Amino acid sequence: MATLVDLTHQVTTAMPVYPGDPAVLLEPALTTATAGVNVLALHLGSQSGTHVDAPYHVDVTWPTLDGLPLERFTGSAVVADLRGLEPRAAITPELLAPALERAGEGTVLLLATGWARHWGTDAYLAHPSLTARAAEAIVAAGVRTVGVDALSVDPTPALGPGDPAVAALLADLTDEHDQPAAEEPTLAAHRVLLGAPGGGVIAENLTDLRPLLTAQEAGRPVEVSLFPLRLVAADGAPVRAVARLG
């Protein structure tokens, strides 16, 4: 008998979001006491919680969410076991090789870093991330849909000082010669995956992928659905991510 596994974080007020993204707020708009029905008012971003990115997320000339075929949001899954990596570790093509050998056109590649266990803590921002070469290997394998149990497939900037006064003081004390060397362009993996021929999709903030790894090791087929809200001209949208274990 098939088993359904929910891979979606609950949407709650003040839930974790990517630094700089809109805060999430859920509050009553109507109540049975005053209007005879209960209706929630929602304030959230297109990238809130468990969500998908469309190519438009990183390039205004690339397809928006509603320009992608539904097939991009579902399919047989291959799970790459990347547990045990250090914080901010690089996910290289070599680490992905065993999974990519089983992947191909129409496959949903899931990156199991184990970082979902840090959800709601500062450690969640220090997740492993794909190198540009790893993203290129994924695209070369024919994969167009990638999901991860972390905040992003690219490195997430570390949070600065919480007190603006402290941040300003540190800026004043920093000499221009103390500035770090230029880093690689940010969102490199996003640009490779989303810019794949035909347009790619990235799902982020998936929950614990261990049940999928266990099923895969036992030879059970794994399918995943990542269908987003039907937002017009959007860069992405929250999803109800669900796996079906055969």
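**Exercise 1.** Decide whether A158 is buried or exposed in this predicted model.

*Solution.* 
Step 1. Take the relative accessible area of A158: 60%.
Step 2. Recall the cut-off: exposed means over 50%.
Step 3. A158 is therefore exposed, because its 60% lies over 50%.

**Exercise 2.** Describe how strand 9 joins strand 10.

*Solution.* 
Step 1. Locate both strands. Strand 9 covers residues 145–148, and strand 10 covers residues 201–204.
Step 2. Check direction and bridges. The two run parallel, joined by three bridges.
Step 3. Pick out one facing pair. T145 stands opposite V201 of strand 10.

**Exercise 3.** Work out the layout of the sheet that holds these strands.

*Solution.* 
Step 1. Write the order of its nine strands: 1-13-11-5-7-9-10-4-12. The sheet is open, with mixed pairing.
Step 2. Read off the edges. Strand 1 (3–6) and strand 12 (236–238) each pair on one side only.
Step 3. Ignoring direction, neighbouring strands are turned by 25 degrees against each other on average.

**Exercise 4.** Characterise the second largest pocket by volume and lining.

*Solution.* 
Step 1. Give the volume: about 240 Å³.
Step 2. Name the lining. It has 13 residues, and V11, L229, P238, V239 and R240 lie nearest the centre.
Step 3. Sort the lining by class: eight nonpolar, four polar and one charged.

How values were computed. Residues numbered from 1 in each chain as written. Predicted model: local features only at pLDDT ≥ 70, side-chain atom pairs only at ≥ 80, totals over all residues. Heavy atoms only, no water. 1 Å grid on protein atoms, 1.4 Å probe; cavity = no way out; pocket = protein on both sides within 12 Å on 5 of 7 lines; lining within 4 Å. Points joined across faces, edges and corners; volume = space filled by probe spheres on them. Nonpolar A, V, L, I, M, F, W, Y, C, P; charged D, E, K, R; others polar. Pairing = 2+ DSSP bridges. Helix = DSSP H or I, 4+ residues; strand = E, 2+ residues; numbered from the N terminus. Axes fitted to C-alpha atoms, helices over the stretch in contact; angles between N-to-C directions. Buried < 20%, exposed > 50% of the residue type's maximum accessible area, 1.4 Å probe, protein only.
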